[in-house]
Amino acid sequence: MPRAGLHYPGSYGELRAWFPDDAACLDYLDWLRWPDGFVCPHCGCESGWEMAGGVRRCAGCRRRVSRTAGTIFQDTRTPLTVWFAAAWQMTSQKHGISALGLQRVLGLGSYQTAWAMLHRYRAAMVRPGRERLSGPVEADETYVGGEEPGVSGRQTDKKAIVAIAVEVREPRGFGRARLRCVPDVSAASLVPFVCDAVEPGAVVLTDGWGAYNPLPEHGYTRNKTVISASGDPAHVSMPAVHRVASLLKRWLLGTHQGAVSAEHLDAYLNEFTFRFNRRNARSRGMLFFRLMQLAVAAPPVTYRQLVVKPQPKRTRPTAPRGPRSHPGSLALPPAGRPWRQTNDLS
């Protein structure tokens, strides 16, 4: 089991002491990516030598292997010290950090740089092949967006629909969660979400919505509760999904001031799920360690992939307007106590 002070820093002071420059950051990424020693991603050879510029030469196929190639740090011009500081700010705070907050904390000259860094980390937070939820599991939907007059029930014209599945733990505890944006509340959208999120054979607790009727055909046991006939409010009959939905909306409105577009909502759901499923971690540094593990295992993501909507008929960038910049490294020499060079405090 990873331990603070040995496998990951336990505080921000330790973070700065562990990673004073990009060379230390690069060595840590090497250790996470190849814990048993270098392995060439092209031929599988386990021997090679280091070259200038942070690359290795494979002794087998003789190819040059960048130490950040195949990760979210591939081809980045942002110093790794800035990347590591961003990861710490993202994971050490209970409610995370917004792109504007990250720009202010790290003194970045561009909002777009902070925004893209956070979104690349969010893209890495979904671990490939992660285990599905085990029953009993509550499943429901919630709506994210502002006031929408003139609609009722599950109708919506502009709100985003988020499907939620949460493990139920007795007597009143909750386990892991899964969240995903869905286009509508039909069986064609909700049943595939449950199949992807929940292990077959599990008991799935739902309300009386008919879109969940096909679940038994896919190997699930459905336990239906008709809210209107139960005599209890929805948050009493199905507390887990309603607690998660409430926490999600509070986080979006608090940390991000509700400024989350529907096109990028799935990325924010990834971060919320990552944080919720690790809410009982002994140390906030453990979240930093897990995020960096995922970051070196995730494929690279280009800026165009982040800002362009996936729909082929509309390719307008959805990132905020403004120039991009490449921040300087946080590995700076001592400033020499500049406050002692003047007595003028006016």
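Q: How many helices and strands does the protein have?

A: The protein has 12 helices and 8 strands. The model is a predicted one. Its C-alpha atoms fill a box of roughly 70 × 65 × 45 Å along the principal axes.

Q: What share of the residues in the protein is buried?

A: Of the 346 residues in the protein, 43% are buried. Contacts can also be sorted by separation in sequence. Among contacts with a separation of 6 or more, 60% are between residues 24 or more positions apart.

Q: How many bridges join β1 to β2?

A: There are 4 bridges between β1 and β2, the latter covering residues 55-58, and the two strands run antiparallel. A residue pair can be located here as well: Glu50 stands opposite Arg56 in β2.

Q: Where does Leu205 lie, and which residues does Leu205 touch?

A: Leu205 lies in strand β7, which spans residues 203-206. Leaving aside residues up to four places away in sequence, Leu205 touches Pro136, Val137, Glu138, Ala139, Val168, Asn223 and Met238. Distance in sequence and distance in space may be read side by side for one of these pairs. Leu205 and Ala139 are 66 residues apart in sequence, and their C-alpha atoms are 6.1 Å apart in space.

Q: Does Gln103 count as buried or exposed?

A: The reading rests on relative accessibility, with buried meaning under 20%. Gln103 counts as buried because its relative accessibility is 17%. This residue is found in helix α4, residues 99-106. Residues up to four places away in sequence being left out, Gln103 touches Leu108, Gly109, Ser110, Tyr111 and Ala114.

Q: How many cavities of 30 Å³ or more does the structure hold, and what volume has the largest cavity?

A: The structure holds 1 cavity of 30 Å³ or more. The largest cavity has a volume of about 70 Å³.

Q: Which residues line the largest cavity?

A: The lining consists of Leu15, Arg16, Phe19, Pro20, Thr81, Phe84, Ala85, Leu330 and Ala331. By class, these residues divide into 7 nonpolar, 1 polar and 1 charged. Helices α1 (12-18) and α3 (80-92) each supply at least two residues of this lining, and α3 gives the most, with 3 residues.

Q: What volume has the second largest pocket, and which residues are closest to its centre?

A: The second largest pocket has a volume of about 400 Å³. It is lined by 16 residues, of which Lys94, His95, Leu247, Arg275 and Phe276 are the closest to its centre.

Q: Which helix supplies the largest share of the lining of the second largest pocket, and what classes of residue does the lining have?

A: The largest share, 5 residues, comes from α9. Helices α9 (239-254), α10 (265-277) and α11 (284-297) each supply at least two residues of the lining of this pocket. By class, the lining has 6 nonpolar, 3 polar and 7 charged residues.

Conventions: Residues numbered from 1 in each chain as written. Predicted model: local features only at pLDDT ≥ 70, side-chain atom pairs only at ≥ 80, totals over all residues. Heavy atoms only, no water. Pairing = 2+ DSSP bridges. 1 Å grid on protein atoms, 1.4 Å probe; cavity = no way out; pocket = protein on both sides within 12 Å on 5 of 7 lines; lining within 4 Å. Points joined across faces, edges and corners; volume = space filled by probe spheres on them. Nonpolar A, V, L, I, M, F, W, Y, C, P; charged D, E, K, R; others polar. Contact = heavy atoms within 4.5 Å. Buried < 20%, exposed > 50% of the residue type's maximum accessible area, 1.4 Å probe, protein only.
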